[in-house]
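Student: Could we go through the helix packing in this model together? I would like to begin with what the word "buried" stands for.
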Amino acid sequence: MKMTFRWFGEESDSVSLQDIRQIPGVSGVMGFLDYKAPGEVWTEDEISAYMEKVHGAGLECEVIESVNIHEDIKLGLPSRDVYIENYCATIRNLSRFGVKVIIYNFMPVIDWLRTDLARVNPEDGSVSMFFDNSKVEGLSPPDFVESMQEGSNGFSLPGWEPERMAELKTTLEQYRNISPEMLLENFSYFMNKIAPVCEETGIKMACHPDDPSWPIFGLPRIGYSREWFDRMIEACPSPCNTLCLCTGSLGSNRDNSIPELIRHFGSMGRISCLHIRNVKFMGDRVFRESAHYSGDGDLNMLEIVRAAAQTCPEVYVRPDHGRMIWGEKGRPGYGLYDRALGSQYILGLWEAVSAPC
Ligand SMILES: [Mn+2]
């Protein structure tokens with residue numbers, strides 16, 4: 001297992017590389033070029049400059065989170081072939097700088113969604129992201145994005161970049177006649193086109209689940225259950241077709257047992273990355289993002305880590321969204337303190353479950 005930390009780049013993150021370097025047991029970042037739009041080629045010069053900074057701070061960058069998929073690929077438009085070619089060029093370029101895994105998601109139009117980005121937890125004054133499904137019902141995505149942006153502390157949220165949002169209405173219209181089956185076909189087309197390049201360069205693609213893990217706003221979705229992920233793997237059996245199993249995203253849906261999902265896909269060799277975090281249910285499809293500690297939420301972190309240590313011991317791990325604590329201000333979910341605590345908790349569990357009896 002390699003413990004890592006997400007890093008959005010100097011301009012886009014309140015956390016510095018040195019901050020990350022000082023967290024015990026964290027060997028690298030899950031890196032990102034924050035200025036690249038979906039569909040663009042990441043050039044060697046751009047990657048080289050980024051890697052120089054990360055390596056200069058004494059950290060690795062073997063995972064990229066994310067190279068986003070252009071909407072035309074998900075929609076299956078004829079223009080997708082150009083964007084897939086660009087994606088292949090990016091895969092080749094990243095592989096020359098030691099990258100082993102590329103995370104992405106296949107969610108139409110909207111990325112992860114919360115109804116409150118900064119909800120104060122009354123018992124201790126910490127601040128969590130929160131989701132209440134009843135607040136989404138009856139709202140249109142554009143109304144929704146507006147309320148999300150207001151609470152983002154001035155940071156642009158991943159997947160909610162202004163350029164993408166400008167075209168939101170048109171894109172929503174284009175999805176009207178796309179069923180989940182068709183989305184799966186478009187996924188299959190994409191994966192099977194890029195698989196030879198992944199195999200030749202040794203890169204694994206890691207699909208991040210939909211968040212929250214059920215269909216939303218009437219849009220087609222395929223990445224939220226064991227059944228759908230089984231079908232996604234069948235659609236492209238290449239070993240490069242893997243998951244970034246996010247315990248909080250999949251855990252938002254109570255039908256998903258996270259330790260079981262990890263055992264299932266881990267023993268198939270299909271988990272390259274794990275995002276580990278906890279959720280606290282507060283009603284039906286109502287939850288908040290809690291501290292990583294099992295006792296603070298509803299997921300069993302010990303069983304999650306045990307399943308991972310037993311079925312995918314070589315996985316890249318990072319603590320996922322944390323709360324805002326100790327007065328910290330930062331990108332929602334991506335402050336330093338709570339995620340650093342989370343990393344130490346996960347490392348402790350991992351050490352304990354891996355120790356010989
Ligand atoms: Mn995640």
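Tutor: A residue is buried if 20 or more other C-beta atoms lie within 10 Å of its own. Please keep in mind that this is a predicted model.

Student: Which residues of helix 11 are buried, then?

Tutor: In helix 11, which covers residues 258–267, the buried residues are Ile258, Pro259, Leu261, Ile262, Phe265 and Gly266. They lie on the same side of helix 11, because they cover an arc of only 160 degrees around the axis.

Student: What do the buried residues of helix 11 pack against?

Tutor: Their partners are helix 9 (226–235), strand 8 (241–246), helix 10 (247–251), strand 9 (271–276) and helix 12.

Student: And which residue with a positive phi follows helix 11?

Tutor: That is Gly269, with a phi near 70 degrees.

Student: Let us move to helix 12. Which of its residues are buried?

Tutor: Helix 12 has Met301, Ile304, Val305, Ala307 and Ala308 as its buried residues. Here too the arc around the axis is only 160 degrees, so these residues are on the same side of helix 12. They pack against helix 10, helix 11, strand 9 and helix 13.

Student: At what angle do helix 12 and helix 13 pack?

Tutor: Helix 12 (residues 301–311) and helix 13 (residues 337–354) pack at about 60 degrees, and their axes are 9 Å apart. Helix 12 is therefore oblique to helix 13. The crossing is right-handed.

Student: Which residues meet there?

Tutor: From helix 12 come Met301, Leu302, Val305, Arg306 and Ala309, and from helix 13 come Ile346, Leu349, Trp350, Val353 and Ser354. By class, this contact has eight nonpolar residues, one polar and one charged.

Student: Take Leu349. Is that residue buried or exposed?

Tutor: Leu349, in helix 13, counts as buried because it has 21 C-beta neighbours inside 10 Å. Leaving aside neighbours within four places in sequence, Leu349 is in contact with Met301, Leu302 and Val305.

Student: How many Å separate Leu349 from Ser272?

Tutor: The C-alpha atoms of Leu349 and Ser272 are 19 Å apart, and the two residues are 77 residues apart in sequence.

Student: Changing topic, how does helix 8 sit against helix 9?

Tutor: Helix 8 (residues 180–201) packs against helix 9 at about 40 degrees, with 9 Å between their axes. That angle makes helix 8 oblique to helix 9, and the crossing is right-handed. Leu184, Phe187, Ser188 and Met191 in helix 8 meet Arg231, Met232 and Ala235 in helix 9. The residues of this contact divide into five nonpolar, one polar and one charged.

Student: What about helix 4 and helix 8: at roughly what angle do their axes cross?

Tutor: The axes of helix 4 (residues 80–95) and helix 8 cross at roughly 20 degrees and come within 10 Å. Helix 4 is therefore roughly parallel to helix 8, since angles under 35 degrees count as roughly parallel. This crossing is right-handed.

Student: Which residues of helix 4 and helix 8 meet?

Tutor: Helix 4 brings Ile84, Tyr87, Cys88, Ile91, Arg92 and Ser95, which meet Phe190, Lys193, Ile194, Val197, Cys198 and Thr201 in helix 8. The residues of the contact divide into eight nonpolar, two polar and two charged.

Conventions
Residues are numbered from 1 along each chain as its sequence is written. This is a predicted model: local features need pLDDT of at least 70, side-chain atom pairs count only at pLDDT 80 or more; totals for chains, interfaces and linings use all residues. Axes are lines fitted to C-alpha atoms, for helices over the stretch in contact, and angles run from 0 to 180 degrees between N-to-C directions. Helices (H or I, at least four residues) and strands (E, at least two) are DSSP runs, numbered from the N terminus. Angles under 35 degrees count as roughly parallel, over 145 as roughly antiparallel, 65 to 115 as roughly perpendicular and the rest as oblique. A crossing is left-handed if the near helix is turned anticlockwise from the far one by less than a right angle, and right-handed if clockwise. Two residues are in contact if their C-beta atoms, placed from the backbone, lie within 7 Å. Ala, Val, Leu, Ile, Met, Phe, Trp, Tyr, Cys and Pro count as nonpolar, Asp, Glu, Lys and Arg as charged, and the others, Gly among them, as polar. A residue is buried if 20 or more other C-beta atoms lie within 10 Å of its own, exposed if 12 or fewer, and partly exposed in between; C-beta atoms are placed from the backbone. The arc is that of the directions from the helix axis to the C-beta atoms.
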